[in-house]
Amino acid sequence: MNARYVVRRLITSLVMLWLTSLVIFVVLRILPGDPVTTMLGDVHGVDAQVLQQTRHSFGLDRPLLAQYGSWLSGLFTGNFGRSYFSQEPVQTLLVPRIWPTVELTIAALVLALAFAVPAAIQAAVRPRGVIDRVVTTIASLGMSVPAFLTAIALIVVFSVKLKLLPSSGYVSLLRDPGRNLQLIAMPAATLAFSISAPILRFMRASLAEATASPYIRTAEGKGLRWSRVVRRHATPNALIPTLTVVGLTVGQLLGGVVIIEYIFSWPGIGTLIIDSVSKRDYAVLQVAILVAAVAFIVTTLVVDFLYGILDPRLKARTGATA
Amino acid sequence: MIATSGVSTKTLLEVRDLSVSFRANRNVIEPVRGVSLDLPRGRRLGIVGESGSGKSLTALALMRLLHSPARLGGQVLLDGEDLLTLSDGQMAKVRARRMSMIYQDPMSSLNPVFTVGKQIIEAIRIASDVSAAQARSAAIEVLGEVGVPEPSRRIDSYPHEFSGGMRQRVMIAMALSGDVDVLIADEPTTALDVTTQARVMDLLSRVVAERGLAVILITHDLGVAAGFCDEIKVMYAGRLVESAPVDSLYQRPVHPYTEALLGAICQLDADIAQPMTTIAGQPPLPGALPRGCSFHPRCPDAVARCTDEAPSTVHLGPARFAECHFALERAAMSDALTSGAQS
Amino acid sequence: MTILAAQDRAQSGELVAVTGRRSPLVRVVRRPLGALALGILVLLVFAAIAAPLVTHYPPNQIAPAVRFHGPSTAHWFGTDELGRDLFSRVVYGGRIALGIAFGATVVAMFLGVIWGFIAAQARGMLDEVLMRAVDVIMAIPLIMFSLILVVALGSDVVTLAVIIGLLLAPVTARVARAAVLSELRADYYQAAIAVGASKPRVMLGEVLPNTAPVLIARAAIVAADAIIVEASLSFIGLGVQPPAASWGTLTQQGYQQIFRALWCIGFPGVVIFLAIWSLNTVGEHFQDTLDPRGQR
């Protein structure tokens with residue numbers, strides 16, 4: 001992994017980030033739906049003067065580019081603006097919600113990988129066997145059931161019928177780990193189910209390709225048993241491209257997290273976004289969505305770098321000494 | 001060539017009527033049909049043929065590296081034990097300790113994400129119970145033996161950091177890790193340039209001699225086979241159509257196909273005004289074999305009988321046979337010509 | 001390979017020039033699962049189109065006397081909290097859900113294919129710019145983007161279809177671009193150009209038809225995604241608004257009744273699943289021979 005490659009990728013990501021912030025900002029500003037009118041309620045009863053003043057106080061009457069400029073520079077200095085609704089700094093609204101969302105995302109990812117990777121490997125050890133069939137069916141289902149339906153199904157089974165798990169709420173991991181686990185179980189499982197399908201599919205296909213490669217025949221020819229051949233030789237080769245899919249699913253996760261947090265009343269960025277959306281609180285929205293986009297772009301960056309580190313062939317191509 | 005049972009040179013590997021078949025939709029395709037051979041200890045056997053003759057499949061079948069949907073028939077007796085009846089676990093042990101194989105494409109036959117050392121050490125530790133340290137020094141030693149320079153450093157290199165010839169040496173090193181008795185080499189030099197080819201074949205010759213290995217060399221290159229093998233079998237359309245000691249084959253070929261192959265060898269002193277000799281036509285696909293003798297559409301000496309009746313194996317001497325209706329006559333002619341030329 | 005280039009591969013599959021002469025539709029029907037999926041799809045579409053013929057009761061007819069009746073011969077899917085026949089509501093809901101999905105697919109395919117084709121043709125700077133635009137739009141999670149667009153532009157049926165279509169266009173552009181590029185690399189194209197055929201003629205006459213199966217398969221997947229997005233939005237109340245009721249809205253209403261009448265959410269949920277599954281399956285089978293990574 002040489003410096004030039006790293007720098008190049010970093011610059012590309014930064015440009016992407018900048019462009020994304022531009023898109024978010026512009027989309028929110030040029031769309032109809034004036035935050036001011038929402039704030040003040042019924043427009044007809046309000047004095048035009050008051051409207052104008054409110055607009056001015058939020059800087060909404062300045063040219064678009066100027067608004068964007070001050071927002072962007074504000075971001076760098078740590079000033080994320082103030083909520084149109086509550087006048088609170090956006091930070092105080094946003095920061096406490098970051099960890100719950102991160103926690104949920106990580107839990108879902110871990111669950112999905114813990115299920116999908118071993119399942120795909122086992123399916124490759126015994127193609128067309130029982131596990132292979134079961135696993136492909138689950139994958140197929142996972143892609144066809146929207147996350148909110150899975151969530152409801154889990155709630156019906158575990159909260160309504162069995163009364164085992166609570167269906168809403170949040171408690172910090174530090175304060176009460178047991179309860180935290182109880183509360184995170186269903187939302188994490190729901191998200192995990194949605195994203196394990198593409199991971200499973202891809203890993204399975206990747207393994208199929210790897211096991212058809214000549215070096216697998218060499219490994220078997222050395223006297224290794226087939227299960228060992230798959231686990232030791234095919235899996236590392238199959239995992240590397242699967243990284244890409246995992247990176248992509250983070251994007252899917254961030255989308256799904258919005259709906260799932262809403263259903264389970266999980267106090268993360270998703271619920272903040274839904275709240276802000278109905279109130280048209282653009283100040284909050286633009287930062288929250290930017291945060292999500294940043295998370296995604298950073299993830300893809302990390303995956304690219306991991307790729308470079310893990311694959312010995314790429315290490316050479318990107319400039320490391322042989 | 002029937003092995004006389006027991007006695008001093010006990011046949012190490014006996015293949016009886018080996019067949020490989022696939023079921024495609026409703027048809028059955030048999031790319032390898034009834035191959036039989038005997039391999040005594042220390043013998044170097046060559047199997048030559050065009051692409052598609054089934055020679056690589058035969059090699060893979062011997063090692064049982066062909067999986068479903070391929071189905072194997074016949075017997076493969078290693079020291080009297082039929083490999084085709086062994087369990088997967090038992091066969092794995094055979095591959096580790098008694099038979100090994102090197103493959104034709106060194107580029108893709110080594111795992112790209114593991115160092116060369118790791119892969120050789122893995123082979124060593126499968127074959128015998130040694131510590132990691134012992135395995136590592138054994139690996140360095142065998143790398144040196146196959147001619148890899150600076151083995152203690154290169155042992156930690158990745159396959160893509162080696163040239164094609166070096167990779168093939170690594171493969172040979174890996175194949176020699178267990179104390180095997182039989183080495184199957186599937187077109188080991190096809191992917192290499194001519195000079196590297198020669199060096200790798202020299203290396204192979206040396207290590208085989210040092211360890212007294214029995215070798216089956218699969219190749220389409222008659223020159224390579226001539227330089228290495230004691231005995232040659234010619235394969236066409238899934239069957240062995242001729243077998244002879246190497247000198248007999250090259251000087252007194254019997255089967256029309258062998259004759260044609262030898263005739264098609266490019267002579268450096270040939271008249272360049274004349275077109276190069278080729279064998280007319282294409283080898284048949286396993287699913288569409290001609291009736292009767294499978295070579296008859298391309299045979300310059302074919303007669304009506306060749307279309308109707310498949311020839312049986314005709315034994316022509318202690319180590320020779322050919323599958324042709326006119327084998328005896330052709331052998332007699334061939335011998336007469338040679339002795340005539342010699343006198 | 002950057003993750004974004006790999007996205008290309010992951011989503012469009014390893015495309016191979018189509019050499020099979022057999023109609024892809026036959027491929028779908030030949031496998032039992034494909035035939036089943038196609039059958040379900042046809043059934044759903046038929047029910048949606050012929051809704052008045054298939055249902056007994058108007059979907060919004062309130063009948064307090066028969067509230068919370070379970071499934072029966074009179075009411076196949078039971079009734080909801082206002083006594084409305086759930087079967088009718090699901091069928092009419094299908095009109096909206098499938099209608100939006102269809103509209104979104106048309107928008108996404110139209111935009112995406114043109115986008116992708118231009119990029120593939122242009123190469124160089126224009127290609128780079130167009131594909132960067134795709135990357136930037138896709139950096140924002142789909143649901144979030146749809147939320148802000150819906151809230152700003154409105155949630156009537158047509159607007160929803162257009163919004164969802166717009167958001168699904170970038171991915172389609174990627175697939176279309178990859179499809180065209182693989183055709184441009186194929187021998188027949190190089191040969192045609194070498195022989196002197198005019199580029200537009202080859203593009204329209206041969207490249208376009210050759211990419212058709214991949215694009216049709218993609219359209220099915222886009223439709224499935226559209227159903228998911230619309231249902232999710234309607235479920236949280238930001239999609240189709242009452243009194244109109246899509247399947248998503250029905251699940252939202254049904255969710256209120258999970259303690260007393262599970263069928264209120266059960267049936268709409270199952271139907272949503274069937275619609276998505278059948279579209280995904282038909283799409284995959286259509287593409288099957290072209291994409292060895294997709295199916296086993």
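Two residues are in contact if their C-beta atoms, placed from the backbone, lie within 7 Å. Welcome to a short tour of a predicted model, in which local features need pLDDT of at least 70, side-chain atom pairs count only at pLDDT 80 or more, and totals for chains, interfaces and linings use all residues. Residues are numbered from 1 along each chain as its sequence is written, while chains are lettered from A and ligands numbered from 1 in the order in which they are written. The model scores ipTM 0.86 and pTM 0.81.

**Helix α4 of chain B**

- Helices (H or I, at least four residues) and strands (E, at least two) are DSSP runs, numbered from the N terminus.
- After α4(B) comes B:Gly147, with a positive phi near 95°.

- Strand β9(B), residues 231-236, is mostly covered, with six of its six residues buried.
- B:Glu231, B:Lys233 and B:Met235 point one way, and B:Ile232, B:Val234 and B:Tyr236 point the other way.
- Strands pair if DSSP finds at least two bridges between them; β3(B), residues 44-48, pairs with β9(B) in the parallel sense over four bridges, and B:Leu45 stands opposite B:Glu231.
- β10(B), residues 239-245, runs antiparallel to β9(B) and is joined to it by six bridges, with B:Lys233 opposite B:Ser243.
- β9(B) and β10(B) form a hairpin with two residues between them, and B:Ala237 in the turn has a positive phi of about 50°.

**Contact between chains C and A**

- Chain C gives 37 residues to the contact and chain A gives 47.
- On the chain C side, α7(C) brings the largest share, eight residues.
- That side divides into 29 nonpolar, five polar and three charged residues.

**Confidence in chain C**

- Over residues 1-21 of chain C the pLDDT is below 50, as it is over residues 290-296 of chain C.
- Where pLDDT is low, the predicted coordinates should not be read in detail.

How values were computed:
pLDDT is the predictor's confidence in each residue, from 0 to 100. A residue is buried if 20 or more other C-beta atoms lie within 10 Å of its own, exposed if 12 or fewer, and partly exposed in between; C-beta atoms are placed from the backbone. Ala, Val, Leu, Ile, Met, Phe, Trp, Tyr, Cys and Pro count as nonpolar, Asp, Glu, Lys and Arg as charged, and the others, Gly among them, as polar.
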